[in-house]
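Visitor: I have not seen this structure before. Please show it to me, and then I will ask about it.

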Amino acid sequence: MENVCYHREAVESLCEHLRSQTTGLGSDEAEKRLHQYGPNELKAKKRRTPVMMLLDQFKDFMILILLAAAVVSGVVGELTDTLIIMAIVIANAVIGFVQEYRAEKAIEALKQMAAPMATVLRDGSVRSLASRDIVPGDVVFLEAGAIVPADMRLIESARMLVDEAALTGESVPVEKSVAELRDADICIGDRVNMAYKGTIVTYGRGTGLVIGTGMETELGKIASMLQDEEEVRTPLQKRLTVFGKNLATAILIICAVVFLIGLLRGEKPLLMLLTAISLAVAAIPEALPAVITISLALGAKKMVKKNALIRKLPAVETLGSVTYICSDKTGTLTYNRMAVEELYAGGDIIKNIGEGARGLKELMTGVALNNDSREGSDGTFIGDPTEIALYTVARDNGYQREKLETELPRVGELPFDSDRKCMTTIHSLATGGFVSYTKGAPDVLIDRARSMWVDGLQVPMDKQAILEANEDMAQRGLRVLCIAMRTWETLPGERSVDTMENDLTILGLVGMMDPPRDEAKKAVDLCRMAGIKPVMITGDHPVTAAAIAKRIGILDETSNGVMTGKELAALSDEVFASKVEHIEAYARVAPEQKLKIVKALQKKHQFVAMTGDGVNDAPALKRADIGVAMGITGTDVSKEAAHMILLDDNFSTIVRAVGEGRKIYDNIRKFIRYLLATNTGEIMTIFFAQILGFPIPLLPIHILWVNLITDSLPALALSVEPAEDDVMQRPPRDPRESIFADGLGIHVIWVGTLMAFLVLSVQYVSMTFCNGEWQTMVFTVLCFTQFAHALAIRSDKKSLFRQGLMSNKVLLGAVVLSIMMQLAVIYVGPLNTIFRTQPLTLGELAACVGISSIIFFGVETEKLIRRVRARRASGNPRG
């Protein structure tokens, strides 16, 4: 199909272009077009099979290193190492496969939005067809409750309203018309003569000429974007990939050096090869992937209790690096329901609706009676959102429509019409005569009025004052309606627009909007405090977007910083890239533009979270570093594309989740620091033992015990460490920073070096003064230094003496249990045989404890230095 601006074309020219007519297609022609254009359904690209998805989980560099270690362990005869490493790798692969398989459901959710059946004009008669059989050129009938089956140009509209919120973000159903529009670049939300696949008719009826089906619809374009858009890797995945490559390089270099030194010393080549291979296996932190996975799973479980459901496990940590939150307005920052915010009556704007509305009898009576919405038995409302808002404000202020209608029964009406933009209801008075109430667009009713109601009196109309009030309310993003009345002794014989809607008395103006959530402003303030920039991206009107953004603090009161989709489309990528970090609100944007904004920020090395609930948000949710969907109002499409779902649709839940994510990342760094320091100590111990000519200090089974038992329990316990006091008062971490940033690498090196020095010192002294238990002492000191290290690194700055041992009971329990397990290895006979250990005397055990504690006091000294430097930097040397 050619690229035609269908909203600009007259119906006659469209019929000519589509080789159709308003009486519909013939069956033969429809069959030809079905073959030409294909079924009216969304197509999925060729998907990877479940087997391919599973195999892809083994491509991660860290996993490849572990697989290599497993093979090497098997070659040198350490089958236990091989089995344990393979179990870790398979467990990680299964978790990754489950997450990816579930994510593939996004297109299926889009398909479910399509209407199963449609009413079509074929061969001059009305037929009910499966929507997949609709073709371009078909004439389709629409009525209230129907899902629009294809993109179409309307050729008839009888007071038809269409809910396009899922597609455009517009919170109010759009009133449709049939006249052609002039602007070629008009956004989807303003194409009032069009109806789009997947949207819902809420009121009235209409007829449309199909201009696009399947993947050629706006919904199809979103499906295509979802398929084409790749998810970005999380910071932790990127950091672990770099870490894995660096680790592999370092291991190969160290093993080569050890092998060469051994050969130079005259050792047998085979012995040195096996020693180098054992050292390589020892250097790999086998427990690291498992500990990270378990830590993320525990974090996800905790987040569910805070109404944040994690769909993709890496998102738990990802939250901690967010620098931008790009939030949809409707249903995310607002309630997604219209509410009356202001009234204008008697020359005054009234913002305190609760107190001010009760005394406005005439205005509130008109608001209540000129209304077709109703409240169901279950407390839900039925009707147009605007009328529901009017019904609610009248009812809440003592003007119940049902009660008023017993005194003023409706005897006639002039239904709403999009051309005249008015609705009138007629009621009989108990004292005789009649009263009519009219509501509609202020500019229309003002031109038809002669007077206004002020303090219970009918006075000459001050047209300028009413127009200024209307303009003032509209500039604050309110949708303004005018309420007017007219009394009659007898009704005219012809109840026409000209007779019933002239010579009116203006009762007042009513200003409505979809209001911001009560907690949204506080959440935005917390974002800023945490160094995160909130940005509003919506399909709504610019004035409404600016009003909401100012009320919740995204924009300041003097700012005009709302960029429209039309303005964005006019910018080149280079110009937009130079401005993107300075724009805080976008309005009237198309789905592909939301994606463009997210990509532009990512190119600026920003870490982007995107929140949303509509179909239009799905591609951006998938592309964002973390996509956040709404659990209550969100569509299935947005939920399937997202990394995280807010179960309470509460924007402030994101802020709490960010705090939790930062805590989890801090804790991941703590156990990475813990594991790497231990492995560094092992490597240096074996490495320098070779150089110094010492016997091999640790047997393979000792290394396995350290790497998979005494490593894992304290590391897991560190993952539940409480958050640091400043977790939400500091800027987010740079997503580009290394995993060794903030001194972690230096810490690992000096602690590992100190561990090796202590262990080798014990080996030297114990070989000189003790009997055969020197290797048991070396093994024990290495384990006990780990436990001392685990207790000391619970905080980057705060001393353990201030934190208290009981503030992380899990870690304390893990350390105590690990100590008991190590003591069992030393003193239980059968375990002595397995681990080739010997019981230590009380003095030898005390010496091991004392020497190991040096690590604890060394780390505490490092934290003291950090605290002193931080105090000096803040200009408060005393803290």
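Visitor: Of the contacts in the chain with a separation of 6 or more, what share comes from residues 24 or more positions apart?
Guide: This is a predicted model, and its chain has 36 helices and 26 strands. Among contacts with a separation of 6 or more, the share from residues 24 or more positions apart is 71%.

Visitor: What percentage of the residues of the chain count as buried?
Guide: A residue counts as buried when its relative accessible area is under 20%. The chain has 879 residues, and the part of them that is buried comes to 55%.

Visitor: Which residue in β23 does Met563 stand opposite?
Guide: Strand β22 covers residues 562-564, and 3 bridges join β22 to β23, residues 585-587, in a parallel run. Met536 is in contact with Ala585 of that stretch, among others. The residue in β23 opposite Met563 is Tyr586.

Visitor: Which strands are at the edges of the open sheet of 8 strands?
Guide: The order is β8-β26-β25-β24-β9-β21-β23-β22, with mixed pairing. Each edge strand pairs on one side only, and the two are β8 and β22.

Visitor: What is the average twist from one strand to the next in this sheet?
Guide: The sheet is open, and its pairing is mixed. From one strand to the next, the twist averages 20 degrees.

Visitor: What is the bridge partner of Leu414 in β15?
Guide: Strand β14, residues 410-417, and strand β15, residues 422-428, pair in the antiparallel sense over 5 bridges. The two form a hairpin with 4 residues between them, and Lys421 in the turn has a positive phi of about 60 degrees. In β15, Leu414 has as its bridge partner Thr424.

Visitor: Is His643 buried or exposed?
Guide: His643 is found in the loop between α27 and β26. A polar atom of the His643 side chain lies 2.6 Å from the backbone nitrogen of Gly627. The relative accessible area of His643 is 6%, so His643 is buried.

Key:
Residues are numbered from 1 along each chain as its sequence is written. This is a predicted model: local features need pLDDT of at least 70, side-chain atom pairs count only at pLDDT 80 or more; totals for chains, interfaces and linings use all residues. Side-chain values use heavy atoms; hydrogens and water are left out. Two strands pair if DSSP finds at least two bridges between them. Buried means under 20% relative accessible area, exposed over 50%, partly exposed in between (1.4 Å probe, protein chains only). A polar contact is a pair of N or O atoms within 3.5 Å; within protein, one must be able to donate a hydrogen and the other to accept it, and residues adjacent in sequence count only if both atoms are side-chain atoms. Axes are lines fitted to C-alpha atoms, for helices over the stretch in contact, and angles run from 0 to 180 degrees between N-to-C directions. Contact means heavy atoms within 4.5 Å. Lists of a residue's contacts leave out its neighbours within four places in sequence.
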